[in-house]
Amino acid sequence: MNSRNEELFKRAQLRIPAGVNSPVRAFRAVGGTPRFFERAFGAYLWDADGKRYIDYIGSWGPMVVGHSHPAVVEAVQAAAARALSFGAPTEAEIELAETICHLIPSMEMVRLVSSGTEATMTAIRLARGFTGRAKIVKFEGCYHGHADSLLVKAGSGALTFGNPSSAGVPADIAQHTIVLDYNNSAQVRELFANQGANIAGVIVEPVAGNMNLILPTNGFLQTLREECTRHGALLIFDEVMTGFRVARGGAQARFGITPDLTTLGKVIGGGMPVGAFGGRSDVMQHIAPLGPVYQAGTLSGNPVAVAAGLATLKLVAQAGYTEAIERTTQALVSGLQAEADRAGIAFSSQSIGSMFGIYFHQQIPQGFAQMMACDKERFNAFFHGMLAQGVYLAPAAFEAGFVSAAHGEEELQATFQAARHVFSTLGA
Ligand SMILES: *Cc1c(COP(=O)(O)O)cnc(C)c1O
């Protein structure tokens, strides 16, 4: 074990709960000591002991162009030299808004915020304010940030109201969130048939990336679109993770479904804190000061963060850019699968765009319950084996993985070699 990482972890825990500023970083799911990082470039990270890792997390999604891309760093440095914050409008914000609306045409208007959580929290407030209804529908295993209304899990029976999934969320708030099973279209239809007139909106990850990776199965997104339209509810695609990863135009472009509202984050900040929500302009006109739905932010549209996002999106918007990363991601997944097969390990895998899922299970899971049946112990052993070999995967079995434009043949071959060694130690 690396001594400096351990030393920092001990020191961190004295002043920061569990030593981290976001829970999954604490390695609780896999055990052991989190790596403290000092530097990153391209596809690589360097920890406090100077050990190098191939990075398959990309800061949980944002680093799609690779770490410390010169164009992004330069844009950030230039912006910082001009001003850190104005708390007043800038031309760069218009440019970022225009770029987002151009790449995702369902977003006719957009407002910038500072995190994905802020984006989803406001999108559901807007759906409620626009429709005058209270109920929100979400799906088990989808994560939409940590606003009270969205920290809700399924109640005892489907179609009943949800229960808080965190202490501190009043049941009075959770009862307005209905939690259904991902990919269960029949359940969605039944709910709308019974309660359609009370539903303000449905929020969904159009490709689920917070319970490892789960693709929408035939007709699920279409059903959501149809039911929302029929009953006057708003369909909210939470593309905080899938935006500019599943396709240049997000999951909505890939699946050909047009939501009423979209939330973004991660990639649009290129590693700096930026989120956004946007969509139909008749709906967006309900936001303050045009309309009665309140939303604000001291650092919203921060010039340094916007510069990072804009530089990142300019790269991503180039023809063939996302497709090239998609091919790398496909090659990664098929190479890992081949190594697992060779070792006789029960393993399945898939990818979409630059997101991938690996599962210690014979079949690819299609829902939350199936995902929970994956062999978590075996993932943990694989994770630690790969970490020792210099490959940094998400420190939990139920997280998607991410590839960047900086990953190439050299990184893939090193990853396969590491995987071959680690699979051979797991036993069939
Ligand atoms: C990461 C994520 C969020 C929350 O974004 P933060 O910037 O962490 O607040 C919301 N929705 C989805 C789908 C995410 O992946």
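Which strand gives the largest share of the lining of the largest cavity?

## The model and its cavities

This is a predicted model, in which local features need pLDDT of at least 70 and side-chain atom pairs count only at pLDDT 80 or more, while totals for chains, interfaces and linings use all residues. Residues are numbered from 1 along each chain as its sequence is written, and side-chain values use heavy atoms, with hydrogens and water left out.

A cavity is a set of points, on a 1 Å grid over the protein atoms alone, where a 1.4 Å probe fits but cannot get out; points are joined across faces, edges and corners, and the volume is the space filled by probe spheres set on them. Three cavities of 30 Å³ or more are counted in this way, and the largest cavity has a volume of about 90 Å³. It is lined by 13 residues, of which F356, I358, E399, A400 and G401 are the closest to its centre, where a lining residue is one with an atom within 4 Å of a point.

Strand β14 (residues 355-359) provides the largest share of this lining, three residues, with strands (E, at least two residues) and helices (H or I, at least four) taken as DSSP runs numbered from the N terminus. By class, the lining of the largest cavity has nine nonpolar, three polar and one charged residues, where Ala, Val, Leu, Ile, Met, Phe, Trp, Tyr, Cys and Pro count as nonpolar, Asp, Glu, Lys and Arg as charged, and the others, Gly among them, as polar.

## The nonpolar cores

A nonpolar core joins buried Ala, Val, Leu, Ile, Met, Phe, Trp, Tyr and Cys residues through side-chain atoms within 4.5 Å, buried meaning under 20% relative accessible area with a 1.4 Å probe and protein chains only. The largest such core holds 105 residues, and I100, F139 and F382 touch the most other members. Helix α10 (residues 303-316) gives the largest share of this core, nine residues. Because domain 1 (4-68 + 320-426) and domain 2 (70-316) both give residues to this core, it lies between them, the bounds coming from an automatic or database domain assignment.

Leaving aside residues up to four places away in sequence, F382 touches I358, F360, L393, A419, V422, F423 and L426, a contact being heavy atoms within 4.5 Å.

## Backbone details in loops

Most residues other than glycine have a negative phi, and most peptide bonds are trans. The peptide bond from A288 to P289 is cis, with omega near 5°, and P289 lies in the loop between α9 (281-284) and α10.

F244, in the loop between β10 (234-238) and α8 (250-255), has a positive phi near 65°, and it counts as buried because its relative accessibility is 1%.

Notes: 1 Å grid on protein atoms, 1.4 Å probe; cavity = no way out; pocket = protein on both sides within 12 Å on 5 of 7 lines; lining within 4 Å. Buried < 20%, exposed > 50% of the residue type's maximum accessible area, 1.4 Å probe, protein only.
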